[in-house]
Amino acid sequence: MVMEADMMYKKPNKFKTVLKQPDEMAGSVTVCDGETMRTYDPQQNTVITMAMPDIEQNEMDYLQIIETMMNESDFSLTGVEEVDGRTAYIINMVPKDKSEFGMPGDMEVWIDEETWMPLKMNMKDANGKQIYSAEYRNFRINTGIPDEEFQFETPEGVEVQTMDMDELLIPQAMTLEEAGEEATFDILVPWYLPDGYEFENAMVIEGFSETISLTYKNGNERLAISEMVFEDEPQASPIMANAEVVSINDVEGKLVSVFGDNKMLQWEIGNIQLTLSGSLENEELIQIAESIQ
């Protein structure tokens, strides 16, 4: 999937992002005037507003971030290169502990010589295959962005929803029984799992829609099941745009490869949208999905 966006940021706490690609997300806007963040989705014809927390705003300390990354990775300077007209150092990063650092493989980062900002990055999987890349083009600093850029006028006829920051707090890991007591619907669980996989935890995620997340673990391998309740039609994920159509108990499902060997399988049971993620073979994922009823 290719994503492209125009982004701007003004110290200390104003920002704006306008999506241009993929086509099904084009025109989506996220803008913050320092006090309120608004997210406009033209496809869903909604605006989500959220008051930003009243905390002291500090500039991002990039040196501290670099220090943390150096402590957790082996660094090497591999060259100097032009990126969109700017001179950049090419840094190769090899995680010391891939399970903790969260990087499946090596990463290359192009650091701007003038500002030390990352201008480009490539991430690889454990087999050396590139799975993610990002590049900042037309990078400019100190351009005097007017405050009016961070004001958003809600289009006429658009539904406005309000969300509290508390609803986005990191959910707590809990047992299946604890999650069942908090959930407003019966949690669906698989009766079939491949050998070695055991239940690790469940999470109840409050947000635009109630979601239950189940995680199963086999050594360093994880299998994740997400169950989202929807009142109307479920929102189509752009990741699934080019997915393979499969059958799950005579219901249409969509299967796509993401990030190297990882795969995502999505289907619906009643008013619940389920997403199964893992690095298993297609047939195994479908068998697990068919056991969830």
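Student: What is the relative accessible area of Asn 45?

Tutor: Asn 45 has a relative accessible area of 35%. Buried means under 20% and exposed means over 50%, with partly exposed in between. Asn 45 is therefore partly exposed. Keep in mind that this is a predicted model.

Student: Where is Asn 45 found, and what is its phi?

Tutor: Asn 45 is found in the loop between strand 4 (36-41) and strand 5. Its phi is near 55 degrees, a positive value in a residue other than glycine.

Student: Where does Asn 142, which has a positive phi, lie?

Tutor: Asn 142 lies in the loop between strand 10 (130-135) and strand 11 (159-162). Its phi is about 55 degrees, although Asn 142 is not a glycine. With a relative accessible area of 79%, Asn 142 is exposed.

Student: Which residues are joined by a cis peptide bond?

Tutor: Look at the omega angle of the bond. Lys 11 and Pro 12 are joined by a cis peptide bond, with omega about 0 degrees. Pro 12 has its place in the loop between strand 1 (4-10) and strand 2 (14-21). Another cis peptide bond joins Gln 21 and Pro 22, again with omega about 0 degrees. The loop that holds Pro 22 runs between strand 2 and strand 3 (29-32).

Student: Now salt bridges. How many does the structure hold?

Tutor: It holds 9 salt bridges. To find one, look for a side-chain nitrogen of Lys or Arg within 4 Å of a carboxyl oxygen of Asp or Glu.

Student: Which parts of the chain does the salt bridge of Glu 114 and Arg 86 link?

Tutor: Take the bridge itself, then the places of its partners. The side chains of Glu 114 and Arg 86 meet at 2.8 Å, N to O. The pair links distant parts of the chain, the two residues being 28 residues apart. Glu 114 is in the loop between strand 8 (107-112) and strand 9 (118-124), while Arg 86 is in strand 7 (residues 86-95). Glu 114 counts as exposed because its relative accessibility is 58%. Arg 86 is buried, with a relative accessible area of 18%.

Student: How far apart in space are Thr 87 and Glu 114, C-alpha to C-alpha?

Tutor: They are 7.9 Å apart in space and 27 residues apart in sequence. Thr 87 is found in strand 7, and it is partly exposed, with a relative accessible area of 25%.

Student: What separates the C-alpha atoms of Ala 51 and Asp 164?

Tutor: They are separated by 6.9 Å, although the residues are 113 apart along the chain. Ala 51 is found in strand 5 (residues 46-51). Ala 51 is exposed, with a relative accessible area of 51%.

Student: How many aromatic pairs does a search of the whole structure find?

Tutor: The search finds 3 aromatic pairs. To describe a pair, read the distance between ring centres and the angle between planes. The rings of Trp 191 and Tyr 192 have centres 6.5 Å apart and planes at 70 degrees, so this pair is edge-to-face. Trp 191 is exposed, with a relative accessible area of 68%, whereas Tyr 192 is buried, at 17%.

Student: What is the angle between the planes of Phe 199 and Tyr 216?

Tutor: The angle is 75 degrees, with 5.7 Å centre to centre, and this aromatic pair is edge-to-face. The pair links distant parts of the chain, 17 residues apart: Phe 199 is in strand 12 (residues 198-205) and Tyr 216 is in strand 13 (residues 211-218). Phe 199 is partly exposed, at 33% relative accessible area. Tyr 216 counts as buried, at 5% relative accessibility.

Student: Which residues gather in a patch of negative charge on the surface?

Tutor: Glu 177, Glu 178, Glu 181, Glu 182 and Glu 206 gather there. Glu 181 has its place in helix 3 (residues 176-182). At 70% relative accessibility, Glu 181 counts as exposed.

Key: Residues are numbered from 1 along each chain as its sequence is written. This is a predicted model: local features need pLDDT of at least 70, side-chain atom pairs count only at pLDDT 80 or more; totals for chains, interfaces and linings use all residues. Side-chain values use heavy atoms; hydrogens and water are left out. Patches are made of residues with over 30% relative accessible area and no salt bridge: like charges are joined within 9 Å, nonpolar side chains (Val, Leu, Ile, Met, Phe, Trp, Tyr) within 5 Å. Accessible areas come from the Shrake-Rupley method with a 1.4 Å probe; for residues, only the protein chains shown count as cover. Lys and Arg count as positive and Asp and Glu as negative; His and the chain ends are not counted. The place of a charge is taken as NZ of Lys, CZ of Arg, CG of Asp or CD of Glu. Helices (H or I, at least four residues) and strands (E, at least two) are DSSP runs, numbered from the N terminus. Buried means under 20% relative accessible area, exposed over 50%, partly exposed in between (1.4 Å probe, protein chains only). Rings of Phe, Tyr and Trp (its six-membered ring) pair if their centres lie within 6.5 Å; planes under 30 degrees apart count as stacked, over 60 as edge-to-face and the rest as tilted.
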